[in-house]
Amino acid sequence: MHFDQSSAMDRALRLLGGARVDPRLQQAAWVARCVGRGSSAPLTSHDVTALASTLRRRTLPRSGVVFGAGNGGSGVWIVRSGQVELSAGSGSGRVVVQILKPGDVDGDIPLLLGMPMPYTGHALEDVELLELGPEEFERLLASHPAIARRWLSSVAERLNTSHMRILGLLGKSLAQQTAQLLLDESDADVVALPQRTLAAMLGVRRPSLNKVLKEFERAGLVRVRYAAIDLLDRSALSSRT
């Protein structure tokens, strides 16, 4: 049975109220949640080191373009060093949706599903990448069964986590949705995403989200700063979900 991740994601986003914001930005923000990172990354640091001599290595200076939005699943990128910023839109409408760090993998799900990349990747600093085209990706999975099995598990885990996050927000108030989203997106008690991205993920306007965040801030739950939110009391924030 063929599972259309894009269509399923679109349906879930419409239930969240996606018609009120740019649906392209909303989808880009949620697709970025499917980046392979941390425990869900398909490759271990040992794998990356072992494969570095056989996969295509690429270095880019700060501000270099790793890949552009609209490419039809044209490759897989593994960050070896540096950071890559994922952004959607352009000009005044440009919004950061994710930051890739060493060990993170992106592009595999769009490649497998034939989806266009919904965002553009720019190097925030000098970066080194391992880059795989479609044929190289297929050859890697075919020649390394253990990696192929782990990669399949990684994809399934990421898709399931993304769907469960979306479904977990349905039927809740905006305050409850916001609290849950902050807990889900935090890394070391910091949500390194701008409010516009978070608002798009929730399908609401930024002023509505800002009102909730200000209430949380007055209650001592969070601290709002430029393009980031610090979680000050996870336990109390969790009680708001």
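Select glutamate 185 first: at 12% relative accessibility it counts as buried (under 20% relative accessible area; over 50% is exposed and in between is partly exposed, with a 1.4 Å probe and protein chains only). The model is predicted, so local features need pLDDT of at least 70 and side-chain atom pairs count only at pLDDT 80 or more, while totals for chains, interfaces and linings use all residues. Residues are numbered from 1 along each chain as its sequence is written, and side-chain values use heavy atoms, leaving out hydrogens and water.

Glutamate 185 lies in helix 7 (residues 174–185); helices (H or I, at least four residues) and strands (E, at least two) are DSSP runs numbered from the N terminus. Show its contacts (heavy atoms within 4.5 Å): leaving aside neighbours within four places in sequence, they are Arg33, Arg165, Val190, Val191, Leu193 and Met201.

Next, select glutamate 131, in strand 8 (residues 127–132). Glutamate 131 counts as buried at 15% relative accessibility. Not counting residues up to four places away in sequence, glutamate 131 touches Arg56, Arg58, Val76, Trp77 and Glu136. With arginine 58 there is a side-chain to side-chain polar contact of 3.1 Å (a pair of N or O atoms within 3.5 Å; within protein, one must be able to donate a hydrogen and the other to accept it, and residues adjacent in sequence count only if both atoms are side-chain atoms). Alanine 52 is 79 residues from glutamate 131 in sequence and 9.8 Å away in space, C-alpha to C-alpha.

Now select helix 5 (residues 134–143) and helix 6 (residues 145–169), which pack at about 110° with their axes 5 Å apart. Axes are lines fitted to C-alpha atoms, for helices over the stretch in contact, and angles run from 0 to 180 degrees between N-to-C directions. Helix 5 and helix 6 are therefore roughly perpendicular (65 to 115 degrees; under 35 is roughly parallel, over 145 roughly antiparallel and the rest oblique). Phe137, Leu140, Leu141 and Ser143 of helix 5 meet Pro145, Ile147, Ala148 and Trp151 of helix 6.

Finally, select the open sheet of four strands, order 2-7-4-5, with antiparallel pairing (two strands pair if DSSP finds at least two bridges between them). Strand 2 (65–67) and strand 5 (95–100) are at the edges with a single partner strand each, so one side of each has no neighbour in the sheet. Strand 4 (residues 84–88) and strand 5 run antiparallel, joined by five bridges. One to display is serine 87 with valine 96 of strand 5. Helix 2 (residues 23–31) packs on the sheet, touching strand 4 and strand 5, with its direction at about 15° to that of strand 5.
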